[in-house]
Amino acid sequence: MPDAMAKPARAFRIDFKTAGPLVALALLVLLGITLNENFLSYNNLTNVLARSSFIGIIAIGATFVITSGGLDLSVGSMAAVIAGVMIMVMNWLIPSMGIGWGVVLAGMLAGVLLGGVAGTFNGLMITRGRIEAFIVTLGTMGIFRSLVTFLANGGTLSLNFEVADVYRPVYYDGLLGVPYPIIVFALVAIGGEIVMRRTAFGRHCAAIGSNEQVARYSSINVDNVRLLTYILQGTLVAVAVLLYVPRLGSASSTTGVLWELEAIAGVIIGGTTLKGGYGRVWGTVVGVVILGLIGNILNLQSLISPYLNGAFQGVIIILAVLLQRGSRNS
Amino acid sequence: MSSAEGTPASAILSAHRISKSFGDIPVLFSVDFDVKPGEVHAIIGENGAGKSTLIKILSGIEEPTSGSISLDGQTVVLPPNGAAEALGIVLIHQEQNLAEHLTVADSIFLGRELKIFGFLDVREMRKRARAVMETLHVYVDPDARISTLSVADKQMVEIAKAISRDARVLIMDEPTAVLSVGETETLFEQIRRLTDRGVAVIFISHKLDEIMQLAARVTVLRDGQLIATVGTEALTPDSIAQMMVGRELSNLFPPKIEPDVDAPVVLGVRNLVAKGVKDISFDLRRGEILGFAGLIGSGRTAVAEAVVGLHHLNGGEITLDGKPVNFTRVAQSVDAGLAYMTKDRKGKGLLLNMGLRPNLTLLTLQKHLKAGFLDTASETRALERAVRRFDIRARDASVAVGRLSGGNQQKLMLGKTMESEPDIIIMDEPTRGIDVGTKQQIYHIIAALAAEGKSIIVISSEMQEVIGLAHRVVVMREGRLAGMLEGAEITESEIMRYAAGIKQSEHNERINA
C-alpha cells in the first residue's frame, strides 16, 4: 500500500529538514578545528558564545514575533536606547545611593521596564493602531536611534568607573567557569523552547502566523497574543542589554547597529519561516551560533580576509532558505 | 446522437489510455476521454477519483505517465505551465486565479498585454475587455478592481479572459461550488452561448442536477478508473450517484426525528441587526435542525457570525436558554456552548500547513493544559477519538492538513468544532465541495447529534440538503427573514419563491407578536 512506502521517505525528509542547521553547525566546527588548533580552546569557545549571547537572546524574542507573522526592526536601536538610559539612571543615582549593587540593580530594573514599555508601544501600534509591523518598527527604529544620539548629545554615554567595576563581573565572571551571559542565554533558550512547544501561547503564535483568520475563528485573542510577542521581544532586548552594558560600560549612537538584521538572520537560519506559522527556538540558537562562528573562524585563519565576514554570513542566510525550501518540495 | 465513445475525427481534444502516477502512487489507470466542439462533457467522481488529475493532464499542467493526447486528431505533447492556452485549451481553476488588486481589464490581458511603442495600451485593452464582456452579456466595469467583485462576477471575468484568448476547449473545475442558484443559472447561460459558438466545455461538478441540465455526456471516474462515458439522456441522478460510489445510495439523508413539541427554546434571536443583517428573528429548539436557505449574500453567514460574537451587534437581542447574552469574542460563545463551523475551511477553518493534531485542538487548547503546559498525549488521545468518531482518513497525523481531500478536511473541521462540546452548533455549508459518500456521512452525523439533544443550524446553498435535513427552514433575503417553512411546506419551489422575493412572509410580525 502507498502508506507503507510513503512513511520512510517522509521520515527521512523531515529529519533532513530539522537537522539542517545542526549539520551546518557541525561542519563549521570541523572546519574550525582543522584551520586552527586554538579553535576548540576554552577561551575561544566561551568568547564566541558570550558574544553571541546578546544577539541570541534578542533573536529568541524575534522567533516569537516572526512565528506569529510579525517583524521587529527596532531591536538594535531599542538596545542602544536601553543601554543609554540604564547608564544615565545609574550615574544619576550615585549621589543618592552611593556606589554598589543597589545602583546596578536600579539600573537593571529601569532597563527591563523600558524594554517592556518600548515593546508594548510597538505592539499597541501594530495591534490596536492596525499599522503593519514593518512600518511601525521601522519608525520606532529611527525614533530609538535618534533618542540615544540625543541623550548622548551626539557623543558617548559612559558609566561611572566605580559602578562599572561593581557591574563588570556580570559579563566577565561566571559559574563553574561558564560566563554569566552564556548561562543566561541558555536559560532563555530553554525557557523559550518550552514556551514555544509546550504552552498555548506558543501554539497560538504559530496559528496566528499560519492564518490569522483561522486563529480568530478558533477563539484566539489575536491582538493580545501579538501584543505579548512584542512585549516579550522588548523585555528580552533589555535582558541582552543588562549583559552588554558591563562589557563596554558605554552607549553611543553606534551601539547595537544592525543587531536587528543579525537577529532576524539567526532566526531564519534556524528554520523559522519568515512569513510566520512555524518557529523553533533551538533552531534560532543554532543559527545565531553559526553566525558567531563564521566571524570567529575568519579571524582564526589567514587565507581569507576577515572583512568578508558579512559576505559569508549573507551566503549562509541565502543557502539556509534555499535548502529549507528544497526539502519542503521534495 | 453519436455513440458514447465518440469518433476521434470529430473530437477537438482527446486522451487515449492515459495513466498517471505520483511517485509510487497511481492515480489514473488507462483513461480514455474526448470532447467535441460545441459539447459540454462533464466529469464526475468522488474526491480522490482522479478528476483533477485528468483535467490537469488535458490542459498540459501535468504530464501523463503513459498514454497520449490528441488535438484535432493529431497526437501532441501539451506544453507545461499553462502554455497550452496558446493552443486554445484554457483551464479555469477551482480556486480562482485572479490578482485581487488588478482591474478587470488588467486581468483579462494579464501576461499578453497590448502595447504601443513598448508601453501599455490601456485604452485599447479597456475597449476590448468591454467588448468581450458584452458578448457574454456581463456588465462589469473594466476598470473595477477584482477585489470589489462578487464571486460570480470574478468567475465571469475568468471566462471572459478565456474567451479573449480564443479558447476552443474550456475546462472548468467545479465552477458552481461557490455560486448561488441565480448565479449558477447565469453561468450556464454563458456556457450555452459558448457551446453555440463551437467551444468545447469540460465541466467538473459534484452537483448531479447541474450535470443533468448542462452536459451532453458524462464521464464517471472512480478510484482512478474510467467507469463509463454515457450520454446524459440515458442517466438519472440516482444512476450517476450509484456509478460514482459503486453502491446504492438509498438513504442519502437519514430519517428525520422530530424534536419534542415542548422542547425548550435554546437560542432565541430577536430583531438582530449587524453587518449584512438588517432585521431577523428566529428560535432554535433543543434537538432541532434549523435550515437556513437563501441566495449567496442574503446574510445567512452574517447572522451566524454576529450571533457567535465575530461581528459587533448593532441592535437586537440574543438569548441562550432564555438568558440574554451579548458575545463580543468567539471565546465567550464557545464557553457558553455555542459553536460556529465556518464555510471557508481553507481560509478560516484550518491551518493548512500544520498537522491534524494542532488543528483539532486549536479551539480548545485549554482542555489540554496540565499545570499550564500543553499535554500532547491528551491531544493525541483527542485526535484518536475524533478520527474514529468522524472517520477522518489521513496517511498519518503529521501530514499537513492542506494535503487532505476536501471531505477529510471537512470532517476534521467538524471534529474540531465538536471538541468544544457545544450544545448548539451552527454549520455553514457543511458539505461544500465534497463527494457524495462523505456528504452522506456528514448528514448522518448531523442527524445523530440532533437526536442526542444538540441543536443545529445548517446554512446551505444546496436546497436538497436543507430539505433533506431540516425540521424547519428559515429563508433569508437581503439581510432579512423572508420566510419560515415547516413540515410539508419545505419544498424547493417554496424556498425559491421566498429567496427570490416572489413571496413575502408575515412570519416576522407573527414571531414578534
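Trainee: What classes of residue make up the lining of the second largest pocket?
Mentor: In this predicted model, the lining of that pocket has twelve nonpolar, six polar and nine charged residues.

Trainee: Which residues lie nearest its centre?
Mentor: Of the 27 lining residues, the ones nearest the centre of the second largest pocket are Lys207(B), Leu208(B), Asp209(B), Glu462(B) and Gln464(B).

Trainee: And how much space lies in the second largest pocket?
Mentor: About 750 Å³.

Trainee: Which helices supply the lining of the second largest pocket?
Mentor: In chain B, at least two lining residues come from each of α5 (181-196), α6 (208-214), α7 (237-245), α14 (436-451) and α15 (463-469).

Trainee: Which domains does the lining draw on, then?
Mentor: Domain 1 (8-245) and domain 2 (265-337 + 423-512) of chain B each give at least three residues to the lining of the second largest pocket.

Trainee: How is chain B divided overall?
Mentor: Besides domain 1 (8-245) and domain 2 (265-337 + 423-512), chain B has domain 3 (354-421).

Trainee: Back to domains 1 and 2 of chain B. What separates their centres?
Mentor: 34 Å, taken over C-alpha atoms. As for contacts, 13 residues of domain 1 of chain B meet eleven residues of domain 2 of chain B.

Trainee: What area do domain 1 and domain 2 of chain B bury between them?
Mentor: About 1,000 Å², with 64% of it on carbon and sulfur atoms.

Trainee: Changing topic: what do chain A and chain B bury between them?
Mentor: The two chains bury about 2,500 Å², 60% of it on carbon and sulfur atoms. On the chain A side, Arg198(A), Arg203(A) and Tyr217(A) lose the most area to chain B, together 30% of what that side buries.

Trainee: Why give an area at all?
Mentor: The accessible area lost when parts come together is often used to state the size of an interface. Contacts can be counted too: 26 residues of chain A are in contact with 34 residues of chain B.

Trainee: How many salt bridges are there between chain A and chain B?
Mentor: The count is one. Arg203(A) pairs with Glu379(B), and their closest N and O atoms are 2.8 Å apart.

Trainee: Which residue forms a salt bridge with Glu193(A)?
Mentor: Arg197(A) does, with the closest N and O atoms 3.3 Å apart. Both Glu193(A) and Arg197(A) sit in helix α8 (residues 180-198) of chain A, four residues apart, or about one turn of the helix.

Trainee: What is the salt bridge count over all chains?
Mentor: It comes to 25.

Technical notes: Residues numbered from 1 in each chain as written. Chains lettered and ligands numbered in written order. Predicted model: local features only at pLDDT ≥ 70, side-chain atom pairs only at ≥ 80, totals over all residues. Heavy atoms only, no water. 1 Å grid on protein atoms, 1.4 Å probe; cavity = no way out; pocket = protein on both sides within 12 Å on 5 of 7 lines; lining within 4 Å. Points joined across faces, edges and corners; volume = space filled by probe spheres on them. Nonpolar A, V, L, I, M, F, W, Y, C, P; charged D, E, K, R; others polar. Domains from an automatic or database assignment. Contact = heavy atoms within 4.5 Å. Buried area = accessible area lost by both parts, 1.4 Å probe. Salt bridge = Lys/Arg side-chain N within 4 Å of Asp/Glu carboxyl O.
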